[in-house]
Amino acid sequence: MTVALSARGMTVRFGDVEVLSSVDVEIASGSIHGLIGENGAGKSTLGKVLGGYYRASAGTLSVFGKAVVRWDPPSALAHGVAIMHQELQLVPYLTVAQNVFMGLEEHRFGVLRRNEAARLEALMETSGLSLDPNAVTADLSIADQQKIEILRALAREARVIVMDEPTSSLSNAEVAQLHRIMERLRDEGRTVIYVTHFLDHILETCDTVTVLRDGELVRTRGAKGLTKGDLVSDMLGGDKAETPFPAKVRPREIKPLFEVRNLKGAGVSVRSLTVGVGEIVGLIGLVGSGRTEIARAIVGADPVAGDVLLDGVPVPRDIASATAAGLVMVPEDRRNEGLVMTLPVRPNITLPHLRRFSQSGVMAQGCERSQTQAAIERFNVRPSAVDGDVSRYSGGNQQKVLLAKWLQGDPRIVVLDEPSRGVDVGAREAIHRAIAALAASGAGVLLISSEIEEVLGLAHRAYLVDRGSLIEEINPDEACEAEIMHALFRHQSLQERTA
Amino acid sequence: MIQAQIFRFAQSYAVLVLIVALMVVLALLSDSFLTGRNLLNILNQNAPLAIMAAAMTLVIIAGGFDLSVGAIFAMGSVSSAWIAVTVDPYLGLFLAPFIGLAFGIINGIAITRLNVHSFLATIATSLIFKGIAVVISDGRLISARIDEFIWLGRGRFLGVFNSIWIMVIFALLLTFLLTRTTFGRRVFSVGGNEEAAILSGIRTDRIKVATFAIAGFAAGLASIITTSRVALGQASAGQGMELQAIAAVILGGTSIYGGQGAVWRSLAGVFLLALINNGFNILNADPFFRDLTTGLVILAAIGVSAIGQTRR
């Protein structure tokens with residue numbers, strides 16, 4: 001076995017914080033090597049150090065047996081190591097071929113030869129990836145854009161490709177396709193370093209897996225025969241099995257609370273949806289099935305026709321009034337839609353409720369402070385400073401701040417869109433407890449998640465969603481994940497055939 | 001650890017550090033610098049720019065730019081003098097800020113309705129406003145040497161120039177607005193993350209219009225101070241002041257990307273620029289180097305505050 005990359009004592013510090021402490025790892029050539037760990041465990045950092053994107057504060061690295069001193073993106077590329085970032089680094093207005101050969105354009109006396117398309121055809125033939133060379137990048141799906149990044153690495157004759165969370169915005173079919181590509185790369189003798197927080201994906205594709213915890217190496221071992229439980233216990237440190245969901249408290253009788261009738265427009269078509277007092281209703285759908293659009297339509301973020309009733313009374317169709325009436329949505333994307341990262345925790349939490357924290361337009365800061373303090377304690381946000389800099393918090397704690405923001409003032413009905421996306425196991429558990437407690441206190445919850453398991457574990461009732469409509473009601477206590485996946489894909493292909 | 005803290009402090013208060021350093025140097029080099037008279041004069045001369053920079057802070061925090069305040073200033077100059085001469089001096093002084101307010105609202109509506117970047121919209125409106133000022137003044141200077149008009153720019157109250165009082169009160173008012181009111185919160189959230197603000201039920205378009213209205217009002221207010229001081233309305237007044245105001249805001253450390261900043265920072269920025277100018281005057285230094293020096297100081301201040309922020 002030849003060793004592609006060998007790192008000894010890799011340490012990375014950002015300011016005073018050590019995010020990676022003296023990690024030793026060897027990546028075998030011609031393998032798929034997974035890096036996993038909770039959020040903040042350092043898996044992404046290790047990937048970026050190996051790919052030359054971050055500079056190590058200490059440690060040595062050798063590449064295919066040769067020790068390297070300078071290790072930045074150009075020298076990494078020169079050694080055949082490329083990195084594919086989570087946020088793809090493509091120029092959206094250029095064509096596929098132009099992006100693939102950016103910086104490698106062939107020219108005569110500085111004048112482009114404009115032969116990228118032909119060169120790309122040749123490259124695609126050898127790699128088995130296929131795309132239209134002249135398509136404009138911005139028009140392609142994320143999955144196809146990733147193929148561009150992979151082709152770009154291949155055009156630079158990369159022998160090692162670091163992929164940082166490549167599947168976070170892919171549908172299941174696209175994930176499977178990416179995995180096939182990775183296997184093909186490996187079979188050609190290339191090396192793939194696969195950074196992800198999806199344990200299933202690791203178990204499905206990887207030959208070797210390295211687990212990190214709190215910036216330290218736990219262990220590296222062969223992935224054959226491992227179970228999710230093995231990985232989780234490595235990640236968490238104890239022998240904790242996969243986290244159980246809080247017990248479902250079923251309301252004794254369903255008292256009507258919230259009703260949606262004939263919602264139509266903005267990609268949504270929902271004839272009827274009800275949520276009772278203390279009830280958690282789940283919505284399950286594939287990526288792009290219109291889950292988020294339904295959430296936005298319900299709270300009035302997008303203009304749609306139809307009725308939204310709370311206690312039989314119509315809720316005004318603008319967000320400020322809906323919030324005041326007790327109907328709120330926790331958006332899925334905390335960075336772009338949820339929090340204002342330039343502001344501290346306190347103004348973030350009170351932003352939708354300014355009227356309640358002010359008198360004739362002047363903020364009542366004492367009251368605001370104490371309420372924020374209470375919210376921070378309720379959701380166990382760390383660090384616990386009232387005016388902490390939320391942009392520096394971990395993903396899990398940012399998500400808790402986001403929950404605190406929208407659960408401020410005890411809303412009656414809460415629409416949760418992907419409440420535990422991209423958070424670590426500990427935060428996920430805390431968020432699940434908060435959701436269960438919310439329902440137990442009498443609020444209605446509409447839970448939207450791409451993690452079927454999460455919906456099944458928390459919801460009392462659930463619907464399958466496709467093309468912005470509810471297509472089937474299921475009983476979460478009886479249904480299993482595989483069945484639901486099949487049902488969703490079956491429905492999708494049915495629709496495609498009739499369309 | 002301590003070094004890092006000192007550096008962070010220097011970063012967030014770079015403009016104050018520079019002011020203190022410059023004042024020490026000037027005080028050592030010249031006896032006439034650190035006198036009440038000189039310092040009051042600096043403040044008096046720069047009060048109009050300071051008023052405009054204070055309001056520009058709100059526009060920039062909300063994620064916008066206003067390149068038309070110089071033109072609104074010209075409009076205020078011409079209209080206040082014209083009204084003073086033809087109707088009533090007090091009415092001229094009173095109306096100009098509200099004309100500025102109206103023009104600011106026009107800016108805001110153009111930006112939010114047409115959904116164009118404020119940079120583009122205000123370039124266009126500045127030409128329009130300037131054009132109106134030229135038409136009103138017929139291309140001539142409007143002399144308004146009337147006691148009831150010039151008292152504002154030349155007079156004092158309790159020994160301090162009226163302009164300084166106006167500047168201080170206006171800056172305090174905006175500071176209160178920005179830090180203590182729901183409106184201020186909304187301004188920060190619009191510039192920090194507009195999508196999150198919209199989903200929090202904030203009518204972000206209204207907030208943007210309000211910031212441009214305030215900037216317009218400030219330009220009108222600044223113009224009456226200058227116009228009454230020189231007793232002259234002219235369509236060429238205020239030329240380049242929009243860029244000076246923006247430079248002062250950025251120099252003070254307010255983020256050009258919106259969402260962060262403070263009014264006092266912009267006043268400090270204005271004062272720093274003024275000190276450089278004043279230094280050249282009292283030291284009799286070669287004025288050919290004035291622009292060069294000012295540019296270098298701005299670049300240095302921006303550089304210091306940018307270090308370490310690239311990763312965020």
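Predicted model: local features only at pLDDT ≥ 70, side-chain atom pairs only at ≥ 80, totals over all residues.

Chain A contains 17 helices and 24 strands.

Let me begin with overall dimensions. Along the principal axes, the C-alpha atoms of chain A occupy a box of roughly 70 × 55 × 50 Å. A compact globule of 499 residues would have a radius of gyration near 23 Å, and the 25 Å of chain A agrees with that. Of these 499 residues, 44% count as buried. Among the contacts in chain A with a separation of 6 or more, 68% are between residues 24 or more positions apart.

I turn now to one sheet in chain A. It is an open sheet of four strands, in the order E14-E13-E16-E17, with antiparallel pairing. Strand E14 (268–276) and strand E17 (313–314) of chain A each have a single partner strand and stand at the edges, so one side of each lacks a neighbour in the sheet. E17(A) pairs with strand E16 (residues 305–310) of chain A over two bridges, in the antiparallel sense. Leu310(A) has Val313(A), in E17(A), as its bridge partner. Helix H9 (residues 291–299) of chain A lies across strand E13 (256–265), E14 and E16 of chain A, at about 70° to E14(A).

Finally, the interface. How many residues of chain B are in contact with chain A? There are 17, and they meet 22 residues of chain A. On the chain B side, helix H9 (182–192) and helix H10 (194–199) of chain B are the elements giving two or more residues. H9(B) provides the largest share, six residues. By class, this side of chain B has four nonpolar, nine polar and four charged residues.

How values were computed: Residues numbered from 1 in each chain as written. Chains lettered and ligands numbered in written order. Contact = placed C-beta atoms within 7 Å. Nonpolar A, V, L, I, M, F, W, Y, C, P; charged D, E, K, R; others polar. Pairing = 2+ DSSP bridges. Axes fitted to C-alpha atoms, helices over the stretch in contact; angles between N-to-C directions. Rg over C-alpha atoms; globule rule 2.2 N^0.38 Å. Buried ≥ 20, exposed ≤ 12 C-beta atoms within 10 Å, placed from the backbone.
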